[in-house]
Amino acid sequence: MSIHFKCRSRLYPRSNVERFPVPDEKVPWFVEYKDYKPSTYNSPSIEGKPWADNEIGNPAFKPKWNDVDGNVNRKSYVGLYEIKDGYPLNPVGRTGIVGRGVLGRWGPNHAADPVVTRWKQLNNKEPVLQFIAIKRRDTGEWALPGGMVDPGEKVAATAIREFQEEAMNSIEATEDEKAEWKAKFHRFFSAGVEIYSGYVDDPRNTDNAWMETVAYNFHDESGTIVAALELKAGDDAVGVRWVDITNDLNLYASHKDIVSAVLKRHTDK
Ligand code: RP5
Ligand code: MG
Ligand code: MG
């Protein structure tokens, strides 16, 4: 597995907490880093939240690491992660911060990412693959409209729910609108193809908590089905649009790698 970059930037997101500098070669745990003295950061924003884990050491909290723990999947797509002094260790390596930052779960925090694609037809030129991106409220970056898997939820269902929340504003849609979407798009969203499952280089990652995702491609070859999508940013998204997949794309976390894998799927003959 390659090393991470975005979770080693100087300031931890939504805080003034500085990450301890980790040079590339000191990322892997097996490389000794004697002077490594990262700060601990547990954001007050997750305290007492029903979707967040308890503190490690609290007798009421008995997580089953590397296992499906009731409704919560604590398995990593990367393989078995280590537990050191009771704390799960980031499988990629050091991030310069101990604790779980703003993430709800210790260990893997599972998400799903939908990549909805179509071709943009150009006169006398090769068509360009486009995907639907949202603008994140937290960082202002363009991203896949993904989100966290709810306890007990199937990951494939998360991808569709998050697409509808962030790119269609389903949270504010009426029951009639939702019934209409079901009639128009149910088949389209039933045909997702898994593109990636694994670690995400998310700026929120820490030494003890990290993002993982499963990304699905929902592709409309003719473009006629997705033409009927009424895009409207919702929930934590403040913008939504079709974006050309080009080499110079700049996206949140590891989303460019995911989108590039989708492009490869449609262009490799
Ligand atoms: C990324 O964060 C995942 O790839 C997914 O897109 C997203 C989930 O977090 P929220 O959008 O719910 O903040 O790591
Ligand atoms: Mg969301
Ligand atoms: Mg989201």
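1. Let me begin with Asp113: a polar atom of its side chain lies 2.5 Å from an oxygen atom of ligand 1. Please keep in mind that this is a predicted model. Two further side chains can be listed beside Asp113. An N or O atom in the side chain of Arg136 is 2.8 Å from a ligand 1 oxygen, and for the side chain of His255 the distance from an N or O atom to an oxygen atom of ligand 1 is also 2.8 Å.

2. How much of ligand 1 does the protein bury? Taken alone, ligand 1 exposes 360 Å², and 91% of that is buried by the protein.

3. Now for the surroundings of the ligand. Besides Asp113, Arg136 and His255, the residues around ligand 1 include Ala111, Gly146, Gly147, Met148, Val200, Asp202, Arg204, Met211 and Tyr252. By class, this shell has 5 nonpolar, 3 polar and 4 charged residues. The elements that contribute two or more residues to the shell are E7 and E10.

4. Which space does ligand 1 take? Ligand 1 takes the largest pocket, which holds about 1,100 Å³ of space. Lined by 46 residues, this pocket has Gly147, Met148, Val149, Arg204 and Met211 as the closest to its centre. Gly147, Met148, Arg204 and Met211 are also among the residues around ligand 1.

5. Several elements build the lining of the largest pocket. At least two residues each come from strands E3 (72-73), E7 (107-120), E8 (128-136), E10 (147-148) and E12 (209-220), and from helix H1 (155-167). In class terms, the lining of the largest pocket has 17 nonpolar, 12 polar and 17 charged residues.

6. Which element gives the largest share of the lining of the second largest pocket? That is H3, with 5 residues. Strand E11 (193-200) and helix H3 (255-267) each supply at least two residues of this lining. Its classes come to 10 nonpolar, 4 polar and 4 charged residues.

Note on methods: Residues numbered from 1 in each chain as written. Chains lettered and ligands numbered in written order. Predicted model: local features only at pLDDT ≥ 70, side-chain atom pairs only at ≥ 80, totals over all residues. Heavy atoms only, no water. 1 Å grid on protein atoms, 1.4 Å probe; cavity = no way out; pocket = protein on both sides within 12 Å on 5 of 7 lines; lining within 4 Å. Points joined across faces, edges and corners; volume = space filled by probe spheres on them. Helix = DSSP H or I, 4+ residues; strand = E, 2+ residues; numbered from the N terminus. Nonpolar A, V, L, I, M, F, W, Y, C, P; charged D, E, K, R; others polar. Near = heavy atom within 4 Å. Polar contact = N/O pair within 3.5 Å; in protein donor to acceptor, adjacent residues only side chain to side chain. Areas by Shrake-Rupley, 256 points an atom, 1.4 Å probe, with all protein chains shown as cover. Sits in = over half its atoms within 2 Å of the grid points.
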